[in-house]
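These are my notebook entries on one structure.

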Amino acid sequence: MPESLLCGLIGTGIGKSLTPAMHEREGAEHGLTYQYRIIDLDSRGLTVEDLPRLVSTAADLGFRGLNITHPCKQRVISTLDGLSEDAARLGAVNTVLFADGRAVGHNTDWSGFDRNFGRGLPGADIGEVVQLGAGGAGAAVAYAMARRGAGRLTLVDADPLRAQQLRDSLSVMFPDVDIVSAGLDRLAAVLDTATGLVHATPIGMVEHPGSAVPEALLHPRMWVAEVVYRPAETELLAAASRVGCRTLSGTGMAVFQAADAFEIFTGRIADADRMIAHMSAL
Ligand code: NAD
């Protein structure tokens, strides 16, 4: 009889998430009976305050694991028995594994970005990286960039306090990386000498069209990595391609964070290429 697994995703506004399809399809490819449920707080009239009850109910019902998304990635931590080292350092959890009577939190947002970056932009110069956006996704990708050993990492956000706070927490963790924050008014200056740009604001999503970076500030000496994944080619990536930059879409990060979570849930190696092909076809 095939191994049977039940997992789920908790968050808000996740009714159209492609995550269940990605997990279930990859599970089927491994011969697993794998069911993946959406637990959308909004549509159930629930809030983050219901999270402790939802997590313990999932454990009681025999869920193997949960993915956790906005706005629950920090709040879930107090409901868990332990954290992976990276999740503890990031202070954010997007994957919970129930095993041996314990609930342990992991973070595959940073590792998903990191794997996608290594695969999609091999040999990229990370000597002088500018990152626009220091919110939830921004914290994970900046952590990945610092962990990779960026020379200088400049964090820019429309909300200067967010950029400063992320800078402060990462600087403690990565004292060997020169991490600075800068206001939006300095974007042109810092991009002028940048070897790479990571975009981690919501601008460019279907719901927030446009680009947060004027095309005139891009130059072919920089690569451009995107976090937004719907659409796969944002206005920023289209402009970067026109200018002659190496580019990386956010689709791979979305797939690799799911692939890493799949591996935590199942103990099996996910076929990331197969998952990318599947996601592209959805
Ligand atoms: P968030 O709201 O937590 O953070 C967004 C940050 O961007 C905020 O700090 C905000 O001040 C800043 N910002 C907004 N507009 C700006 C602008 N024009 N210039 C500079 N800064 C600006 O959002 P989030 O959860 O970090 O999500 C950001 C994007 O990342 C979303 O599009 C989300 O879909 C995407 N995302 C992708 C993946 C993936 O796997 N590819 C994973 C998580 C999030």
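In which loop is the place of P71? I found P71 in the loop between strand 3 (65-68) and strand 4 (82-83); helices (H or I, at least four residues) and strands (E, at least two) are DSSP runs numbered from the N terminus.

Basis. I am working with a predicted model, in which local features need pLDDT of at least 70 and side-chain atom pairs count only at pLDDT 80 or more, while totals for chains, interfaces and linings use all residues. Residues are numbered from 1 along each chain as its sequence is written, and side-chain values use heavy atoms, with hydrogens and water left out.

Entry 1, backbone. I looked up the peptide bond from H70 to P71 and noted that it is cis, with omega near 5°. The bond from R230 to P231 is also cis, with omega near 10°. I placed P231 in the loop between strand 11 and helix 8 (235-243). D100, which is not a glycine, has a positive phi, near 55°. Its location is the loop between strand 5 (95-99) and strand 6 (102-106). For reference, most residues other than glycine have a negative phi, and most peptide bonds are trans.

Which three residues supply more than any other three of the area that domain 1 buries against domain 2? I found R89, L90 and M253, with 62% of that area.

I recorded one salt bridge between domain 1 and domain 2, where a salt bridge is a side-chain nitrogen of Lys or Arg within 4 Å of a carboxyl oxygen of Asp or Glu. The side chains of D86 and R147 meet in a salt bridge at 3.2 Å, N to O.

I traced an open sheet of six strands in the order 9-8-7-10-11-12, with parallel pairing; two strands pair if DSSP finds at least two bridges between them. Strand 9 (178-182) and strand 12 (247-248) stand at the edges with a single partner strand each, so one side of each is left without a neighbour in the sheet. Strand 11 (residues 223-226) pairs with strand 12 in the parallel sense over two bridges. I noted T247 of strand 12 as the bridge partner of V224.

By the rule in use, the count comes to 15 salt bridges. I looked up R274 and E29, whose side chains meet in a salt bridge at 3.7 Å, N to O. R274 lies in helix 10 (residues 272-281) and E29 in helix 1 (residues 19-29), so the pair ties together parts that are 245 residues apart in sequence.

Technical notes
Buried area = accessible area lost by both parts, 1.4 Å probe.
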